[in-house]
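Okay, thanks for coming, everyone. Let me put the chain up on the screen, and then I'll walk you through it.

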Amino acid sequence: LILDNLGLTVDNMMKMRSEGKDPLDVRVLDPGVGTGTFLTLYIQRIGEYLRKIYGGSIPPKDAEEALRKVVRNVVGFDVEVLALMTARANYLIALASAGLLPYKGGAIEIPIHMANSVVPAELMTSKVFVRDGTIEVVKIPTSICDCSEEKKCCFMLPARLVMRGSANDVLNEILNGLRKDLDYVRPRRALRDKFRLDDAEDEVLREFYEKLLELRRRGVDDVWIPVIKSYVLPILYKESFDYVIGNPPWLSFRYIADPSYQEIVKSTIKDVYSITEEEHLITQMEMAALFLARAVDYYAKDGGRVGFVMPKSIYSADQHHNIRVGATGAHIAFRKIIDCENVQPLFYVPAIAV
């Protein structure tokens, strides 16, 4: 229903082709991909379109080119590992059902990424003192278990590298060094040369690297690079999608367990997007509302369109008043609302599509 209402249909793909445009250049994101339902349905439609224009059998060269475009342009994010694994498997199955997978010609990257869609790293910048001056950094909070006592560990990266989209490559270089159990002096030269680090940035990365190396040598699992990547990856996709689709999480703010993460989300709701400024309403806020604001403001191109399954409270509850009247920093404008309350079976609470 959402794909149809957005115009992501085989008929519209045919229309684009008749106008001299390639529908496979359309970029689509599901920022809370879950098991990958929306993306797999869309890829199946791409397969139907290709079979239609080629009369059933897709020529190998065209199939190879189509596959290359799909894995570049049809993207999903999530933070839950089991969801990522499931979505990647379903994405592969969809590529196979579309008749494209046999033409991969080698390894391909399935673009289902661990990424925090609503709290990217640029919302966590601050200045810290390093050596003889201050430097702007991105602080990424995590919880690590140290003996029997849980403590907060804040990883820091130079903000310049994050904002210019280089942090993902920096983290890959660091991961290579960690896997070889190298002291920082070995990867340091490559990092300085490749990313033109100044002394302050070098010092921040040294502390970051040595903290991770210490955790690794103590036998604490090394999941931190993927976790940190989940905050810095979204900046690579800023304002790059024609369509943002999906069924974002409906979790209410008050059920977020981590107090530090709750503070970041609260600041995003209140200070960045002005979804609501009233404290008593923030506790009632569903994360789906923040996903909607981020989709419109951060991921969609100018003129891009969003189609989400949402709790019906978006339509009526006080905490979503600013969204309904277009008074948020995300400039949301509802084009169509579809009431799904009488659709059975669906969800335990009333739902709408927007």
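Predicted model: local features only at pLDDT ≥ 70, side-chain atom pairs only at ≥ 80, totals over all residues.

Let's start with a helix pair: A167, N168, L171, N172, I174, L175 and L178 in helix 7 meet I225, I228, K229 and V232 in helix 10. Sorted by type, the residues of that contact come out as eight nonpolar, two polar and one charged. A word on terms: contact means heavy atoms within 4.5 Å. For the types, Ala, Val, Leu, Ile, Met, Phe, Trp, Tyr, Cys and Pro count as nonpolar, Asp, Glu, Lys and Arg as charged, and the others, Gly among them, as polar. Helices (H or I, at least four residues) and strands (E, at least two) are DSSP runs, numbered from the N terminus.

Residues are numbered from 1 along each chain as its sequence is written, and side-chain values use heavy atoms, with hydrogens and water left out.

Back to our pair. How do helix 7 and helix 10 cross? Their axes, for residues 167-179 and residues 224-232, come within 10 Å and cross at roughly 175 degrees. Those axes are lines fitted to C-alpha atoms, for helices over the stretch in contact, with angles from 0 to 180 degrees between N-to-C directions. Helix 7 and helix 10 are therefore roughly antiparallel to each other; the cut-offs are under 35 degrees for roughly parallel, over 145 for roughly antiparallel, 65 to 115 for roughly perpendicular, and oblique for the rest.

Now the loops. D181 sits between helix 7 and helix 8 (185-195), and its phi is near 60 degrees, a positive value in a residue other than glycine. D181 counts as partly exposed, at 42% relative accessibility. R196 is in the loop between helix 8 and helix 9 (199-217); R196 isn't a glycine either, yet has a positive phi of about 50 degrees. At 70% relative accessibility, R196 counts as exposed. The scale here: buried is under 20% relative accessible area, exposed is over 50%, and partly exposed is in between (1.4 Å probe, protein chains only).

Two strands pair if DSSP finds at least two bridges between them.

Look at strand 7 (residues 241-246), which pairs with strand 8 (residues 300-311) in the parallel sense over five bridges. I245 has G307 in strand 8 as its bridge partner, and Y243 stands opposite R305. Strand 1 also runs parallel to strand 7, joined by two bridges, and there V28 partners Y243. Is strand 7 mostly covered or mostly open? Mostly covered: five of its six residues are buried.

What packs on the sheet?

P311 lies in strand 8 and counts as buried, at 5% relative accessibility. P311 and I352 are 41 residues apart in sequence, but 6.1 Å apart in space, C-alpha to C-alpha. Leaving aside neighbours within four places in sequence, P311 is in contact with W250, E286, A288, P350 and I352.

Last, the whole chain. It has 15 helices and ten strands. Its radius of gyration is 22 Å, close to the 20 Å that the globule rule gives for 354 residues, so the chain is as compact as a globular protein of that length. That radius is taken over C-alpha atoms, and the rule is 2.2 Å times the number of residues to the power 0.38. Of the 354 residues, 49% count as buried.
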